Amino acid sequence: MNLRKGLIIRLCFCLALLTALWVLASCGGSGNQVNTTGNSSGSTTTVNNTQSIEVNLGPANNYVNGLFASVTICVHGTSTCQTIPNMLVDTGSEGVRVLASQLSLSLPAITDSGNNPLQECLGFADGSFLWGPVESADIQLAGETALSVPLQVVAAPDTGIPVPSSCSSGGGVNQGTVAGLGANGILGIGNFRQDCGGACTAASSQVPALYFLCPNSACQVTSVPLADQLQNPVWLFPQDNNGLLISLPSVSAGGAQTVSGSLIFGIGTQSNNALGSAQVYTTDANGDFQTTFKNVAYSQSFIDSGSNALYFLDSNTLGIPDCSDNTGFYCPGSTINYSATNTGLNGAAASLSFSIANADSLFNTNNGNNAAFNNLGGDSPGNFDWGMPFFYGHNVFIGIEGQAGPTGVIGPYWAY
Amino acid sequence: MKKLLAVLLLLLLGSAPAWAVLGEHVATVASDQKYLRGEVRATVQQGYSVQQITAADQSVVNEYVSPAGMVFGISWRGTVMPNLQLLLGSYYAQFQQAAQSRVRRRGPLVLRTDQLVVESGGHLRSFHGRAYVPSLLPRNVSAEVVR
């Protein structure tokens, strides 16, 4: 028995080592690292869980407070990979979405039983949208790999399927170009495992208009099993899969041209991602919590790295003017300090302070070359949308639904 | 004296619910059977009424109707963005223009003119918003009722 157990352990260790070598070999040049520890049982591997991220103006040179990372996409089970830079890190959505124009790999489509390729239309709050087929690939971030992950190839040119009118009905811009999106794609790593979840698994007549099948180019909304929906790749990692941490330094009041930080996978799984003194705020089933400002509670408030300012309330409520040049942003005569209290579903509550400066002035600072601002605000009547400025200067943890955190807390939650 | 007068009726509409769009008469608008199959709950408030429609995908649309039967406001919440072309009707072009003239802003959308107010926010799994036509607000009814 002992002999056999020892053999199995050695076999496991060899397999782990081989896997590590394969990952290393398949990502040559992309800077990924895999470290194996000499654990006596041989069953634990510690991989590099840190992906560098940067705030800059993005590939179209037009993005304010855009947080970008590189994502490596591989044909499943092969070393045929492509590293896509300038993917927007978005905690307000789930799944990898890459512009077809930036992807040189040929990936297998996700299809229904009739071999019709699955299509997706993701509309954003501002009316813009992304349209394209769902395909499957292995996703690598730092030393972490998720296998056979459904992702969206946006604005794929060869599908022969026109954008259905119900998709473009948001009224905004088709963001299927680098100029439109301001990024090469989106790395959606929010609080959920899938982009839609259970809501899209009901009968096709009862699901939200997110996924489509288009036989004969006539698109119909369809239900999609969880496994075929776009996936937050983090929860599919073999380890460090219960969430992640976005760590960015502080930004001075005038802004900064670039800001570098880290995307660290796992919460309390390695020495670099302990919760420490961070307070846990659980969210409701949709990822929202409550923000209280001047004794008024605003439900449906949320944290979102894909929102590029602190969007909250409106100029009438706050008594500060909107900008004349940059419509939709606040332009107080001088910087104003505010405080608000976030309250999780678990009752955890704490106040936080933030500042709002004159956006017209901010955008002119440094000849308009600054990309990162911690005091940029705009209107969002009736709630708080804690965008990128919220992330500067501290560690923000994102707990994924159904995944256990270090103190026994189960996602979805935030901690900071 | 409480403002809320009565909850009038609870209707279960099987296949062809009435569906109204912003700025049009609640009774004259053709139904969009594809978009809405759900439960309609009508309530009467002081000076206006609300038709709350819970669609099959559990998204919710509220229509705010004046005593003359005009839809002066709408609000929504749901997993994905609603079909604003349907909801906004003839006001859609104004919204579309605002949505396409966005500069630097990446987040919720707010359009505020004398003719139309649209506020659209949230994120995947939790979108919400409202729209109203200031000139169609019934007498003594605040825009704040549209929520």
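In the predicted model, the interface of chain B and chain A buries about 3500 Å², where buried area is the accessible area (1.4 Å probe) that two parts lose on being put together, summed over both. Carbon and sulfur atoms give 51% of this area. Arg104(B), Arg106(B) and Arg125(B) supply 26% of the area that chain B buries against chain A, more than any other three residues. In terms of contact (heavy atoms within 4.5 Å), 35 residues of chain B meet 60 residues of chain A.

Two kinds of polar interaction were counted across the interface of chain B and chain A. The rule finds 2 salt bridges, a salt bridge being a side-chain nitrogen of Lys or Arg within 4 Å of a carboxyl oxygen of Asp or Glu. Arg125(B) and Glu401(A) form a salt bridge through their side chains, at 3.8 Å from N to O. On the side of chain B that touches chain A, two or more residues each come from α1 (84–88), α2 (92–100), β6 (109–112), β7 (117–123) and β8 (126–132) of chain B. Helices (H or I, at least four residues) and strands (E, at least two) are DSSP runs, numbered from the N terminus. The residues of this side of chain B comprise 14 nonpolar, 12 polar and 9 charged, with Ala, Val, Leu, Ile, Met, Phe, Trp, Tyr, Cys and Pro taken as nonpolar, Asp, Glu, Lys and Arg as charged, and the others, Gly among them, as polar.

Within chain A, strand β9 (residues 144–154) is largely enclosed by the rest of the structure, because 9 of its 11 residues are buried (under 20% relative accessible area, 1.4 Å probe, protein chains only). Strands pair if DSSP finds at least two bridges between them. Strand β6 (residues 94–99) of chain A runs parallel to β9(A), joined by 3 bridges, and Leu99(A) stands opposite Val154(A). Strand β8 (residues 129–141) of chain A pairs with β9(A) in the antiparallel sense over 7 bridges, with Leu141(A) opposite Glu144(A). The hairpin of β8(A) and β9(A) has 2 residues between the strands, and Ala142(A) there takes a positive phi near 50°.

Leu244(A), in strand β13 (residues 243–247) of chain A, is buried at a relative accessible area of 0%. Beyond its neighbours within four places in sequence, Leu244(A) is in contact with residues including Ile189(A), Val234(A), Phe265(A) and Val396(A).

Residues are numbered from 1 along each chain as its sequence is written, and chains are lettered from A and ligands numbered from 1 in the order in which they are written. For this predicted model, local features need pLDDT of at least 70, side-chain atom pairs count only at pLDDT 80 or more, and totals for chains, interfaces and linings use all residues, while side-chain values use heavy atoms, with hydrogens and water left out.

Definitions and conventions: Polar contact = N/O pair within 3.5 Å; in protein donor to acceptor, adjacent residues only side chain to side chain. Buried < 20%, exposed > 50% of the residue type's maximum accessible area, 1.4 Å probe, protein only.
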